[in-house]
Amino acid sequence: MEKIEISKLFKDGAMQTTLRRATFDRLQIRQQVNYRGRTQDEVFFQKQDGANVEFEVVRRMDFEPEGVFEITAVYTVRRALNDEYVGQDIDFRELLRTLTANDYNMLCGNVFSSMSLIISQLTLASNGVPMVSPPVYCGIAAKAE
């Protein structure tokens, strides 16, 4: 199967986003420890229902070493396929593996900006200082080996 362009796969403006959950866990802060923040985004195929396709978008923020806080925001993004792709056998799990960061931003619309806003609000309410995460797809942070 040749790669399908995300801009042609879905109808313009036919997108629904729903916040499914947001969790905030405050963790211990140890003195004289340097914490390094991490932001990780993942997009998962959930289901196809006729001409509609649903994805789950997850943003996690935490610190290395463990401490300060952990935040997870989960959204559902529902997109409508363009008529020419309805009924075609498209492997959306495989398609997600081939996307670039720009493709993910196009696929998910402004959901990353919404996640950034939610995270800022949660951290502002917790300690008076908002932590602003990137309003675009970040991908998966490299793990230390």
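Here is a walk through the salt bridges, pair by pair.

Analyst: This is a predicted model, where local features need pLDDT of at least 70, side-chain atom pairs count only at pLDDT 80 or more, and totals for chains, interfaces and linings use all residues. Residues are numbered from 1 along each chain as its sequence is written, and side-chain values use heavy atoms, with hydrogens and water left out.

A salt bridge here is a side-chain nitrogen of Lys or Arg within 4 Å of a carboxyl oxygen of Asp or Glu. The count comes to ten salt bridges.

Start with aspartate 83 and lysine 11. Their side chains meet at 3.4 Å, N to O. Aspartate 83 sits in the loop between strand 4 and helix 2 (92-97), lysine 11 in strand 1, so the pair ties together parts 72 residues apart in sequence. Helices (H or I, at least four residues) and strands (E, at least two) are DSSP runs, numbered from the N terminus. Aspartate 83 is exposed, at 60% relative accessibility. Lysine 11 is partly exposed, at 32%. Buried means under 20% relative accessible area, exposed over 50%, and partly exposed in between (1.4 Å probe, protein chains only).

Next come arginine 20 and glutamate 56. Their closest N and O atoms are 2.2 Å apart. Arginine 20 lies in strand 1 and glutamate 56 in strand 3, so this pair links parts 36 residues apart in sequence. Arginine 20 is partly exposed at 45%, whereas glutamate 56 is buried at 13%.

Glutamate 42 also bridges to arginine 60, with closest N and O atoms 2.7 Å apart. Glutamate 42 lies in strand 2 and arginine 60 in strand 3, so parts 18 residues apart in sequence are tied together. Both are partly exposed: glutamate 42 at 24%, arginine 60 at 34%.
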